[in-house]
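This briefing concerns selected local features of one protein model and its ligand surroundings. Please consult the sequence and the structure alongside the points below.

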Amino acid sequence: MPGNGVEMSPVKAREQDGPQAGPGPARWSPQSFHVMVKPRGPICNLDCEYCYYLSKETLFPGSGFRMTEEVLENYVRSYIEAQHGPEVTFAWQGGEPTLMGLEFFETVIRLQRKHHRSDVRIVNTLQTNGTKLDDDWGRFFKEHGFLIGLSLDGPRDLHDRYRVTKGGGPSFDDVMHGLRLLQRHGVEHNILCCVHEGNAGAPLEVYRFLRDEAGALHLQFIPIVIRDNDTGFQEGSGVVPPSVGSRQYGEFLVAIFDDWVRQDVGRVFVQIFDEALAAWAGSGPSLCVFQETCGLGLAMEHSGDLYCCDHFVEPRHELGNINGTELADLVASEKQWRFGMAKRDTLTRYCRECDVRFICNGGCPKNRFETTPDGEPGLDYLCEGHHAFFRHIDGPMQIMADLWRSRRSPALIMEIQTREDVELPSRLAEISRNARCPCGSGKKFKHCHGRE
Ligand code: SF4
Ligand code: SF4
Ligand code: SF4
């Protein structure tokens with residue numbers, strides 16, 4: 001699974017804040033940034049119907065799609081040199097990165113040791129479809145502390161709807177074999193679950209399967225939004241199947257949140273819930289999608305070509321090649337600065353006045369192809385779903401944020417929620433129709449639980 005916006009790092013979001021407002025790009029000198037590296041380019045053994053990356057093959061006619069050791073070493077050296085934080089996170093993606101073979105990643109470790117700086121800790125993350133994993137991979141990942149992101153869309157029938165082999169066959173058994181192997185070897189992992197029209201109608205079935213049967217405690221839900229065009233680039237209005245509907249995505253998140261907030265807080269980690277809590281607690285979201293600006297999550301192809309973002313691997317967003325220019329210089333370019341600032345500078349007035357802007361920030365620019373109610377272009381396709389979800393969780397999030405600020409566990413929300421569930425029916429019976437609904441939605445009772 002290639003990157004998908006929300007999962008800037010396959011395992012844990014570690015991105016720093018994006019470019020800051022200032023007089024111009026002269027101030028743009030990122031202390032740390034993140035690159036999704038595609039050593040095998042868009043090549044993959046699966047043929048998922050919603051994959052947005054397979055089509056990138058056309059950008060490299062005649063290529064063998066294998067990163068050479070020369071490009072790899074250049075990247076490892078320049079990436080470590082360019083980072084000024086305490087941790088350097090390498091993110092290996094695809095296509096399917098395990099198609100490079102284990103020897104490639106043994107070379108990665110050797111080169112990281114060669115160019116290692118004593119003041120930084122090196123971490124490797126790898127996003128995989130899991131179908132090629134065996135015990136050798138498991139031992140290797142464990143020995144070198146890789147954090148693995150594995151793509152799984154729910155139980156068998158929902159997963160196999162779109163995550164299919166080149167021949168159109170199912171992949172569920174192979175993925176589950178890969179997951180069990182990671183678990184057997186004690187490899188740290190999380191699950192990346194794409195939300196599309198095939199599984200969005202079954203939120204609890206998906207969530208409980210991932211939690212109870214897959215045994216996954218770190219989850220990311222990624223909305224599938226495929227724009228209607230023949231290029232595979234970010235252009236064209238409207239979406240095509242199997243894109244998730246905006247409202248449908250919001251309802252999917254609401255249903256899972258309502259389950260999670262009653263029994264799984266502090267036990268199961270759902271990325272968008274963590275992001276929300278950080279925002280409600282005042283520390284701000286860490287994912288580019290929810291930050292005011294972006295531009296610190298780039299993508300690099302097997303050739304060394306660097307792009308503004310994994311979702312904008314297209315000629316007009318190419319920054320250059322690391323074999324001709326230092327990586328740090330490409331990232332610090334005016335072009336990349338403008339890319340990151342555009343997220344804030346093109347925000348619609350509708351978003352600027354929105355009550356959940358502090359967590360949403362207008363969503364990812366790749367999805368901003370809708371029009372606001374007052375006719376301004378550039379609204380996030382997922383606006384309706386995000387807004388409904390963020391409004392829905394406002395009450396519990398305020399409580400969790402207060403608990404956190406007073407150094408108590410946000411998990412206490414589960415007791416509070418259970419008590420409210422018991423008391424709510426009697427409070428609803430006494431409330432007048434124009435009073436605020438006691439469920440905490442902020443709406444009038446007659447527009448909420450008291451709706452006819
Ligand atoms: S596993 Fe599926 S989504 Fe991921 S790169 Fe392969 S075809 Fe694309
Ligand atoms: S366009 Fe910006 S917000 Fe969207 S995925 Fe890329 S870096 Fe993140
Ligand atoms: S919820 Fe909608 S209006 Fe509000 S910030 Fe997000 S995209 Fe903009």
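The model is predicted. Attention goes to K343, which is buried yet forms no salt bridge, and to the residues that surround ligand 2 and ligand 3. Two cis peptide bonds, G94 to G95 and P241 to P242, are also described, as are the positive phi angles of N361 and R407.

- K343 is part of helix 10, which spans residues 334-345.
- The side chain of opposite charge nearest to K343 is that of D380, at a distance of 8.3 Å.
- Backbone oxygens are found within reach of the K343 side chain: that of C288 lies at 3.4 Å, and that of V289 lies 3.0 Å from a polar atom of the side chain.
- Apart from residues up to four places away in sequence, K343 touches C288, V289, F290, Q291, E292, T293 and C294, together with N361, G363, C364, P365 and R368.

**The shell around ligand 2**

- Ligand 2 is surrounded by 11 residues, and the closest are C288, C294, C309, F312 and C364.
- By class, the shell of ligand 2 comprises eight nonpolar residues, two polar residues and one charged residue.

**The shell around ligand 3**

- The residues around ligand 3 are Y350, C351, C354, V356, C360, G362, D380, C383 and H387. Helix 11 (349-352) and helix 13 (383-392) are the elements that contribute two or more residues to this shell.
- Six residues of the shell around ligand 3 are nonpolar, two are polar and one is charged.

**H386 in helix 13**

- H386 is located in helix 13. Its relative accessibility is 4%, so H386 counts as buried.
- With neighbours within four places in sequence set aside, H386 contacts Y249, F290, C360 and D380.
- H386 and G363 stand 23 residues apart along the chain, and their C-alpha atoms are separated by 8.6 Å.

**Cis peptide bonds**

- The bond from G94 to G95 is cis, with omega near 5°. G95 sits in the loop that joins strand 2 (87-92) and helix 2 (102-114).
- The bond from P241 to P242 is likewise cis, with omega near 0°. P242 sits in the loop between strand 6 (218-223) and helix 7 (246-263).

- N361 is not a glycine, yet its phi is positive, at about 50°. N361 occupies the loop between helix 12 (357-360) and strand 11 (370-371).
- R407 is not a glycine either, and has a positive phi of about 60°. R407 lies in the loop between helix 14 (394-405) and helix 15 (413-430). With a relative accessibility of 79%, R407 counts as exposed.

Technical notes. Residues numbered from 1 in each chain as written. Chains lettered and ligands numbered in written order. Predicted model: local features only at pLDDT ≥ 70, side-chain atom pairs only at ≥ 80, totals over all residues. Heavy atoms only, no water. Helix = DSSP H or I, 4+ residues; strand = E, 2+ residues; numbered from the N terminus. Buried < 20%, exposed > 50% of the residue type's maximum accessible area, 1.4 Å probe, protein only. Lys, Arg positive; Asp, Glu negative; His and termini not counted. Salt bridge = Lys/Arg side-chain N within 4 Å of Asp/Glu carboxyl O. Polar contact = N/O pair within 3.5 Å; in protein donor to acceptor, adjacent residues only side chain to side chain. Contact = heavy atoms within 4.5 Å. Near = heavy atom within 4 Å. Nonpolar A, V, L, I, M, F, W, Y, C, P; charged D, E, K, R; others polar.
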